[in-house]
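Here's a quick tour of one model, with a few spots worth a look. Have the viewer open as you read.

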Amino acid sequence: MFDSAIDGTRRYLLEILSAMALLREVRKALISLRGLPFLVQAARFGCMASRERACQAIGLLAITKRGRHMLVELGVVPVLIELLREGDYVTKLVAGNSLGIVSAHVAYIRPVAQAGAIPFFADLVQLPDPIGKEIAEDVFCLLAVAEANAVVISDHLVRILKEGDDGGKAAAADVLWDLSSYKYSISVVQNSGAIPVSVDLLHNGNAEVREKVSGAIAQLSYNETDRVALADAGAIQRLIGLLQNELEEVKDNVTEALINFSDDPLYCTRVSEAVSTHAFQNMQERMTHLRATERQSVRSLHQMGINESTGDPDLL
């Protein structure tokens, strides 16, 4: 029917297809019958509700490697970005989730970012709905695998940390926490200006913001260069000030960071005020025990993997 349909009829067919594509059997048929181009068209044309349904079906198809590749080849990335720009609230969430699924392969990380997706996910971070924040956080962590993407993402995160509401700041700090563990995080995080902004939020943010920011600072404190930048920004005294009257999660993060500073000859004397307190010593013992437990778990898993590999001739 698509082959002979005129424009008006074609739009109705696309809307019908978007509804049918929510059925698994129909999605399988679309792949085998080469009908995916029509589904991509359905996400681009018609009423917003119909485009949203097509977008949802695209996300379900993109879960498989084959479906993801076929959709990208058909130009689905700019279509989803268009929906992120023009769609209503719910459509933005669906489009963001589908684009995140498409991004979940190293081959598409750069193309998605180059198509202009990052600013729209930064907008999702600032939406009031926690689902939008979770989608944006997950996608940012995927896209940031490429260092060039991480630079752009960090700039947006710093802007949100400065100007966003408490929910947006907490979400941005959570992404920064994840990015702080990436191998190139030293230059990216420092050059973005995230460290002084984060240190400032240790006192000026709400409890959730302080939890996420202190977690990011704890992660950064494992690196010598980042410790210097944190100390220069006044982090040590602010961290010490959070050891009292704070949530356990915040105090755990603060203790982790201060332990790293206390192990550094440059800063051990500056942390002595905290080290001498009974509360800090209790938390330090707990953190030491947790670290030992984690190391033991890693060794056990590693040994188990060796035993399984040597016991299975097909793996040799």
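## A serine to start with

Is Ser98 buried or exposed? This is a predicted model, and in it Ser98 has a relative accessible area of 2%. Buried means under 20%, so Ser98 counts as buried.

Ser98 sits in helix H7, which runs over residues 89-103. A polar atom of its side chain lies 2.8 Å from the backbone oxygen of Cys55. Cys55 also turns up among the contacts of Ser98 once neighbours within four places in sequence are set aside, along with Gln56, Gly59 and Leu80.

## The nonpolar core

The largest nonpolar core takes in 99 residues. Leu39, Leu99, Phe121, Phe140, Leu239 and Leu258 have the most contacts inside that core.

Take Leu258 from that group. Skipping neighbours within four places in sequence, Leu258 touches Ile236, Leu239, Ile240, Leu243, Val271, Ala274 and Phe280.

## Cysteines

There are 0 disulfides in the structure. As for individual cysteines, Cys141 has a relative accessibility of 17%, so it counts as buried. Cys268 comes in at 31%, so Cys268 counts as partly exposed.

The protein chain has an average pLDDT of 85, and 88% of the residues score at least 70. Over residues 308-316, though, pLDDT stays under 50, and the model has 4 contacts beyond four places in sequence for that stretch.

Terms used. Residues numbered from 1 in each chain as written. Predicted model: local features only at pLDDT ≥ 70, side-chain atom pairs only at ≥ 80, totals over all residues. Heavy atoms only, no water. Helix = DSSP H or I, 4+ residues; strand = E, 2+ residues; numbered from the N terminus. Buried < 20%, exposed > 50% of the residue type's maximum accessible area, 1.4 Å probe, protein only. Polar contact = N/O pair within 3.5 Å; in protein donor to acceptor, adjacent residues only side chain to side chain. Contact = heavy atoms within 4.5 Å. Core = buried A, V, L, I, M, F, W, Y, C linked by side-chain atoms within 4.5 Å. pLDDT = per-residue confidence, 0-100. Disulfide = S-S within 2.5 Å.
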